Amino acid sequence: MDFTAFTLCRRSWYANIFGHVHANKQYASFSSQQFCVSVERIGYTPISFAEIRKKMGIFRRRTTMITIEELQFNSDGLLPAVVQDFYTGDVLTVAYMNRESLEITLREKRTCFWSRSRKELWRKGETSGNVQHVVSVAADCDRDALVVSVIKDGPACHTGAESCFFDLLYQDETAQKFTLQILYDLIASRKTAPKEGSYTSYLFDKGLDKILKKIGEESTEVIIGAMKQDNRETVFEIADLCYHVLVLMAACDIPISAVEEELAKRHVVDHKVKQETLQ
């Protein structure tokens with residue numbers, strides 16, 4: 001049976017499955033043709049979606065709810081806890097928890113640790129105000145270490161740094177990481193420490209009116225590129241627009257996290273409903 005005949009023969013079955021695929025971000029990278037070909041290779045007999053995932057080598061991350069009693073505390077009654085930023089995924093610090101501090105963490109939904117030097121409990125932020133609000137706590141496969149995902153109110157390190165990990169031991173210079181946050185930080189640094197010949201510093205020097213004018217120009221160019229149905233040009237112009245919006249944000253001292261939080265609030269709105277402000 002050729003591809004066309006297969007697609008027509010299994011149209012309703014395929015539509016249901018492919019609809020399921022696109023409803024899950026995990027499978028969003030599959031195009032319709034890729035998925036059809038993959039399903040065709042599996043065979044023509046309708047099977048469960050779970051079986052399809054298994055045969056295609058697609059697996060969901062296993063999540064198991066456990067209790068404190070199942071954790072493996074060390075001989076000192078402690079567990080290492082890796083604290084991770086919920087939004088960025090950055091490792092903020094590594095501390096230790098005993099059973100009592102972990103119970104407090106789960107009950108109060110803010111990190112509480114055991115100080116090995118002072119031999120006492122300490123709630124993160126009780127003096128600095130930099131509280132870490134707990135989103136999730138997960139144990140590793142041996143259940144003798146924890147990862148604590150948090151939303152932080154301020155820097156994690158006592159030095160004032162966002163993370164305790166800033167002293168490099170090794171770095172591969174050929175591996176370059178890019179995020180909007182990294183770009184935003186670079187843009188913001190051109191505001192506080194202008195650099196001669198920098199276009200970003202030039203925009204900050206000219207002020208808000210110039211920045212807003214550039215955003216208007218770039219918005220128009222995005223529209224023109226889209227109307228021409230030229231994806232390459234449209235992507236290029238969207239990148240220009242994103243850059244200038246980030247400059248505006250830095251000029252107004254608006255962090256990326258503020259926009260992320262606003263978008264997160266709107267995430268619950270049905271996609272068929274016009275965007276609205278949630279109360």
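Strands are DSSP runs of E with at least two residues, and helices are runs of H or I with at least four; both are numbered from the N terminus. Two strands pair if DSSP finds at least two bridges between them.

This is a predicted model: local features need pLDDT of at least 70, side-chain atom pairs count only at pLDDT 80 or more, and totals for chains, interfaces and linings use all residues. Residues are numbered from 1 along each chain as its sequence is written, and side-chain values use heavy atoms, with hydrogens and water left out.

**View 1. Strands β5 and β6 run antiparallel.** Seven bridges join β5 to β6, residues 146-152. Ala138 stands opposite Val147 in β6.

**View 2. Four strands make an open sheet.** Their order is β2-β1-β6-β5, with mixed pairing. β2 (91-97) and β5 (132-139) are the edge strands, each pairing on one side only. From one strand to the next, the twist averages 25°. Angles run from 0 to 180 degrees between N-to-C directions; axes are lines fitted to C-alpha atoms, for helices over the stretch in contact.

**View 3. Helix α5 lies across β2, β5 and β6.** This helix spans residues 99-108. It runs at about 130° to β2. Contact means heavy atoms within 4.5 Å.

**View 4. Asn130 sits in the loop between β4 (120-123) and β5.** Asn130 counts as buried because its relative accessibility is 16% (buried: under 20% relative accessible area; exposed: over 50%; partly exposed: in between; 1.4 Å probe, protein chains only). Asn130 touches Lys124, Gly125, Asp153, Gly154 and Pro155, not counting residues up to four places away in sequence.
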